[in-house]
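Hi,

Here is the structure I said I would pass on.

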Amino acid sequence: MKPIVLESSWGTYCPGEYPSPPPEYETCLGDLYSVAWMEDSDIHNLWKETLHQQYELVKRRTINDNSAYGSHVMQFGDIGISMDNLFTCLGTNPANDNFKFVDGNSLLPPTKAVNQRYADLVHFWDKYRKALDVLVRKVEAQKQVMEAMSHRMHVDNSIQLTGKLLFGVKRGPEVLNTVRPAGQPLVDDWKCLKKMVISLILSPSSSFSFFSSCNLRRCSVHRHM
């Protein structure tokens with residue numbers, strides 16, 4: 001099982017949220033999906049609980065009452081093994097061997113979570129918040145917050161400009177926001193996507209040559225070279 005890739009993986013146990021991490025931590029401790037299956041594994045008797053039972057519990061917890069702070073978990077692969085006990089995959093904790101499985105979720109989702117795309121901003125903001133009484137640390141933390149936000153704006157504006165240059169002022173924004181219908185693969189040309197990702201990692205300044213050869217939103221494989 002895994003969360004749907006087009007949805008955000010929500011940061012959990014983040015500074016300033018409830019529950020929060022220990023004060024010495026300035027970042028989210030995990031994402032909601034991963035926290036859900038790990039905490040479920042920590043408290044249940046894995047000799048008895050099946051993969052399917054955990055899938056159902058994790059799915060309900062991760063969707064977070066279908067709120068804005070949740071995502072949908074999907075099941076894939078050989079569904080036949082879902083009746084196997086978790087012990088065959090994860091082992092077990094002897095302290096939980098007498099736990100009687102209850103088809104209910106004793107681990108409640110957080111009241112709020114953080115979109116993973118903003119998790120770095122939460123980290124920098126928490127450093128700024130904690131440095132209020134120390135001028136040097138406060139200035140440095142504020143600088144980090146502003147640099148992170150400026151970089152995001154630069155990337156957003158650059159991609160929007162590239163879309164307009166490739167597809168026109170009117171059609172560019174439409175192409176950028178186009179989402180493929182359900183059931184279609186993310187891309188048709190995976191080599192194109194791989195080249196673009198490697199280019200972004202190694203040299204951001206050269207990434208536009210690959211953006212221009214792929215649909216910006218979907219890297220949809222139509223080469224424009």
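For what comes next, a salt bridge is a side-chain nitrogen of Lys or Arg within 4 Å of a carboxyl oxygen of Asp or Glu. Please keep in mind that this is a predicted model.

By that criterion, R61 and E39 make a salt bridge, with 3.0 Å between the closest N and O atoms. I like this pair, because R61 sits in helix 2 (residues 51-63) and E39 in helix 1 (residues 32-43), so the bridge ties together parts that are 22 residues apart in sequence. Is R61 buried or exposed? R61 is buried, at a relative accessible area of 3%.

Helix 2 also holds a pair of its own. K59 and E56 meet through their side chains in a salt bridge, at 3.4 Å from N to O. These two are three residues apart in helix 2, so about one helical turn separates K59 from E56. K59 counts as partly exposed, with 27% relative accessibility.

Then there is helix 4 (residues 119-130), where D126 and K130 lie four residues apart, about one turn of the helix. D126 forms a salt bridge with K130, and the closest N and O atoms are 3.1 Å apart.

How many salt bridges does a search of the whole structure find? The search finds five, and the pairs above are among them.

Now for the overall picture. The chain has eight helices and five strands, and along the sequence they follow the pattern β-β-β-α-α-β-α-β-α-α-α-α-α. Of the 225 residues in the chain, 32% are buried. If you take the contacts between residues at least 6 apart in sequence, 64% of them join residues at least 24 apart. The accessible surface of the chain is about 14,300 Å², and carbon and sulfur atoms account for 59% of that.

Cheers

Technical notes. Residues are numbered from 1 along each chain as its sequence is written. This is a predicted model: local features need pLDDT of at least 70, side-chain atom pairs count only at pLDDT 80 or more; totals for chains, interfaces and linings use all residues. Side-chain values use heavy atoms; hydrogens and water are left out. Buried means under 20% relative accessible area, exposed over 50%, partly exposed in between (1.4 Å probe, protein chains only). Contact means heavy atoms within 4.5 Å. Accessible areas come from the Shrake-Rupley method with a 1.4 Å probe; for residues, only the protein chains shown count as cover.
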